[in-house]
Amino acid sequence: MDTCCVSNPPRQMPLNVSHPLQPLTPAEIRYAASIVRKHPPYGDDTRFETIELMEPEKQTVRAFLPGAPIARKARVNVFSSAIVSVTSLVVCLDTETIVSRKDFPGKRPMIQLEQFLGIEGIVRADPDFIAACERRGITDMSTVCIDPWSAGNFDVPGEEGRHLCHVFCWLRLRENENFYAHPIEGLNAVIDLNTNEVIRVDDYGIVPIPMQEVNYESQFIETFQPQAKPIDVVQPEGVNFTFDGHSIIWRNWSLVVGFNAREALTLHDIRFDGRPIVNRASIVEMTVPYGSPDNGHFRKNVFDIGEYGIGKLANSLTLGCDCLGVIKYLDVHLNTMDGEPWTIEKAICVHEEDSGLLWKHIDFRTERAEIRRGAKLVISTICTVGNYEYGLYWYLFLDGTIEHEVKATGIINTAACIPGQPPKYGREVVPGVVGHIHQHILCARLDMAVDGDANSVVECNTYAEPLGPTNPYGNAFYEEQTVLTRESEAARRAEPASHRYWKVINPNKTNYAGSAVGYKLEANHCVTPFVHPDSPSGRRAAFVQNHLWVTAYDPDERFPAGDFMNHSDGTGGLVEFIAKDRPIENTDIVLWHVFGLHHPVRIEDFPVQPCVFTGFKLMPSGFFNGNPAINLPPVVNAASCPA
């Protein structure tokens, strides 16, 4: 039971809030900020990092009846614009009170969008930076383009105790042309985000700026391919899903869609035919380590979710371009540094797609055929993080599969070299322009609920039977299943040689074969990390050292590398979580799956990278009594015709 409102009964939920997991409305964001402003932790220097829904306890959500009153709480992180400190508050909107407060002196908030937007002007106006540009023949500072990056934690003298940003720069030759073709190599600046000053300019030496234009905007493309005939997605009878606020019902599926500034999309209470599978699913971190130690590039190891807040970087999507077909859009409501709500319209796209052949069989004796086509529900958002775009897609399929897919596109981060002499850590994509080898390593947090909260994790490995009396023909192989009983046992890495996978079972529920119901994690995009675990960046990203972690459920253990990532030191994440070595058998558990992209850059990745894909699946493994799509009615698509 939610007890934040002890002196007053909870208000009736606002008319535009139909579920306790629905994100805060603009009015609630503004209201939460007003409560904090009554007693601001840092006085006039108080700034708002995030204002988001404080998700109710599981039992509160499950006891909710539509239309019933429920307490609404907000999780509010504020920081000081004068000193390095963050305060985390929980605000009860019903009693207008702050019900909990934790102070974190020395911790830094996510870098805010408003801060990013001001950095270019600060750097362009700095005398030392101007002088460094003049040494390279650049006199018009309006042509210099500055990309802010998080600064990491490298114990550089003079950076102690500051809230910092580190920048890379490029030259734009004319309006709207692709400045990433003209890197200003060896020139970086470090900015104090509290004082808005450049504290240091790093000049590693002059490399000629590549001047060849390599553009992508249509206005610069001289020769186009022939115009293609359209491939239209039409649904003349409408869609198969219904919405109630942020709650969706689609075919056999039901769930609630959430969104926040740090994680972007979150999915809640995912069910098939009313049976729970996942209580909460989201991508909780992404680190992008680059492989070059040259010049200032060693600092390029960003945490796009924990340091920036990928939700604040979501696009407003365009009908007929980003999303095709009959689309349901959802706006998202976030907050500014001043605590005011701001809205990204059409940030979430929900639609259906044909997913191809679902199942088929022909009885060759009678030539009778049974064919069913599949469909999937797509819930997506696209976020622009500097030079990269990340499309974040969740798919639900008719056979009970849940898939997450990341589509990475945008423009590779570029550096300069002497033409024809690229460094060993990158590839020349245009004469004098280098893309460094790098990785995109993500972590999903999956609060599992396979037919209930009491779950276990089973590791499955396939082995060949040794040649001998039990395997006289050399063809015998089998799968061995091992239950992981404690957190210390469940920090695991992929093993292709044994086709290792993991599944979550409910040992208290069985299918008609008598085995425990379960869901398999299909982890086909595991990445080998190359940043040394004892290096500054490796310590901060310790979660990448395993592809699976399993922890006992704790609502406060939300992020695999810690709550405060800017200038973090590696504490507060999964390594500390599993040090408790809690039992994880037949209990409420969380899966943390680490996956991603290993990216030795191709020439074809420039000037704009075609989408590359990564992700994972949760597939039923004994959850159903047979094929759950066997009872789909046969349908022949009437719109199909011969070419």
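Predicted model: local features only at pLDDT ≥ 70, side-chain atom pairs only at ≥ 80, totals over all residues.
Student: What makes the protein as compact as a globular protein of its length?

Tutor: Start with what it is built from: seven helices and 30 strands. Its radius of gyration is 26 Å, close to the 26 Å that the globule rule gives for 643 residues, so the protein is as compact as a globular protein of that length. Its C-alpha atoms fill a box of roughly 80 × 65 × 60 Å along the principal axes.

Student: And how much of the protein is buried?

Tutor: Buried means under 20% relative accessible area, and 53% of the 643 residues count as buried. The accessible surface comes to about 28,400 Å², and carbon and sulfur atoms account for 53% of it. As for contacts with a separation of 6 or more, 66% of them are between residues 24 or more positions apart.

Student: Why is strand E18 called largely enclosed?

Tutor: E18 spans residues 388–397, and nine of its 10 residues are buried, so the rest of the structure largely encloses this strand.

Student: How do you know that E18 pairs with strand E17?

Tutor: Two strands pair if there are at least two bridges between them. E17 (residues 368–385) and E18 have 10 bridges, in the antiparallel sense, so they count as paired. Look at Thr 384, which stands opposite Glu 389 in E18. The two strands form a hairpin with two residues between them, and Gly 386 in the turn has a positive phi of about 65 degrees.

Student: What does E18 share with strand E19?

Tutor: Nine bridges join E18 to E19 (residues 402–410), and these strands run antiparallel. Here Gly 391 stands opposite Lys 407 in E19. Their hairpin has four residues between the strands, with Gly 400 at a positive phi near 95 degrees.

Student: Which residue other than glycine has a positive phi near 50 degrees, and why is it called partly exposed?

Tutor: That is Arg 251, in the loop between strand E10 (247–250) and strand E11 (253–260). Arg 251 has 38%, so it is partly exposed.

Student: Which residues of helix H3 are buried?

Tutor: In H3 (residues 113–124) they are Gln 115, Phe 116, Ile 119 and Val 123. They cover an arc of only 100 degrees around the axis, which puts them on the same side of H3. The background is that an α-helix has 3.6 residues a turn, so residues three or four places apart point the same way.

Student: Which residues does a cis peptide bond join?

Tutor: Phe 606 and Pro 607, with omega at about 10 degrees. Pro 607 has its place in the loop between strand E29 (589–599) and strand E30 (609–620).

Student: What does UniProt list for residues 19–98?

Tutor: The unreviewed UniProt entry gives "domain: Copper amine oxidase N2-terminal" there. In the model, the chain over residues 19–98 is 24% helix and 32% strand, and its end C-alpha atoms are 23 Å apart.

Definitions and conventions. Residues numbered from 1 in each chain as written. Heavy atoms only, no water. Buried < 20%, exposed > 50% of the residue type's maximum accessible area, 1.4 Å probe, protein only. Arc of directions from axis to C-beta. UniProt positions renumbered as here; feature names shortened; annotations may be inferred. Rg over C-alpha atoms; globule rule 2.2 N^0.38 Å. Contact = heavy atoms within 4.5 Å. Areas by Shrake-Rupley, 256 points an atom, 1.4 Å probe, with all protein chains shown as cover.
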